[in-house]
Amino acid sequence: MKDLTLRAVRGAGGQEMEVEFQHNCWKHDRDLAIRYVGVSTFVIDPADEDRGTDLGL
């Protein structure tokens, strides 16, 4: 997953959540979506403070 880029987080704050990653065109041919059910807590700790937390919401 280190080659993927976070594209969007949907449903943050609800019971269901989806995290979408964009693929690296040089290594992969498809994006990745991970769906979670029963989410009770959601926290983001960005590694790059200058980038902020734009999650595509």
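Modeller: Start with burial. Buried means under 20% relative accessible area, exposed means over 50%, and partly exposed lies in between (1.4 Å probe, protein chains only). Glu-18 counts as buried, because its relative accessibility is 17%. This is a predicted model, where local features need pLDDT of at least 70, side-chain atom pairs count only at pLDDT 80 or more, and totals for chains, interfaces and linings use all residues. Residues are numbered from 1 along each chain as its sequence is written, and side-chain values use heavy atoms, with hydrogens and water left out.

Colleague: How many helices and strands does the protein chain have?

Modeller: Both are DSSP runs, numbered from the N terminus: helices are H or I with at least four residues, strands are E with at least two. The protein chain has 0 helices and 3 strands. Along the sequence the pattern reads β-β-β.

Colleague: How do the strands pair, and over how many bridges do E1 and E2 do so?

Modeller: Two strands pair if DSSP finds at least two bridges between them. E1 and E2 pair in the antiparallel sense, over 5 bridges. In that pairing, Ala-8 has Glu-20 of E2 as its bridge partner. The two strands form a hairpin with 5 residues between them. Gly-11, in the turn, has a positive phi of about 85 degrees. On to the next pair: E2 and strand E3 (residues 32-37) run antiparallel and are joined by 6 bridges. There, Phe-21 has Leu-32 of E3 as its bridge partner.

Colleague: Why is E2 described as largely enclosed by the rest of the structure?

Modeller: Because 5 of the 7 residues of E2 are buried.

Colleague: Which residues make up the largest nonpolar core?

Modeller: The general idea comes first. In soluble globular proteins, nonpolar side chains tend to be buried together. A nonpolar core here is a set of buried Ala, Val, Leu, Ile, Met, Phe, Trp, Tyr and Cys residues joined through side-chain atoms within 4.5 Å. The largest one has 6 residues: Leu-4, Val-9, Met-17, Val-19, Phe-21 and Val-39. Strand E2 (residues 16-22) gives the most to this core, with 3 residues.

Colleague: What does Val-39 touch?

Modeller: Contact means heavy atoms within 4.5 Å. Leaving out residues up to four places away in sequence, Val-39 touches Gly-14, Gln-15 and Met-17.

Colleague: Now the charges. How many salt bridges does the structure hold?

Modeller: Side chains of opposite charge can pair when their charged atoms come close. The test for a salt bridge is a side-chain nitrogen of Lys or Arg within 4 Å of a carboxyl oxygen of Asp or Glu. The structure holds 5 of these. In one of them, the side chains of Arg-7 and Glu-20 meet at 2.8 Å, N to O. That pair links distant parts of the chain: Arg-7 is in strand E1, Glu-20 in strand E2, 13 residues apart. Arg-7 is partly exposed at 36% relative accessibility, whereas Glu-20 is buried at 13%.

Colleague: Which residues does Arg-10 meet in salt bridges?

Modeller: Arg-10 pairs with Glu-18, their closest N and O atoms being 3.3 Å apart. Arg-10 itself is partly exposed, with a relative accessible area of 37%. The side chains of Arg-10 and Glu-20 also meet in a salt bridge, 2.6 Å from N to O. Arg-10 lies in strand E1 and Glu-20 in strand E2, so this pair ties together parts that are 10 residues apart in sequence. Now zoom out. Arg-7, Arg-10, Glu-18, Glu-20, Asp-31 and Arg-35 are linked in a network of salt bridges.

Colleague: Back to Glu-18. Where is its place, and what does it touch?

Modeller: Glu-18 sits in strand E2. Not counting residues up to four places away in sequence, Glu-18 touches Ala-8, Val-9, Arg-10, Ala-33, Ile-34 and Arg-35. With the side chain of Arg-35, the Glu-18 side chain makes a polar contact at 2.8 Å. A polar contact is a pair of N or O atoms within 3.5 Å; within protein, one must be able to donate a hydrogen and the other to accept it, and residues adjacent in sequence count only if both atoms are side-chain atoms.

Colleague: Last one. Where is Asp-3?

Modeller: Asp-3 is in the segment before strand E1 (5-10). Asp-3 is partly exposed, with a relative accessible area of 23%. Asp-3 and Phe-21 are 18 residues apart in sequence, and 9.6 Å apart in space, C-alpha to C-alpha.
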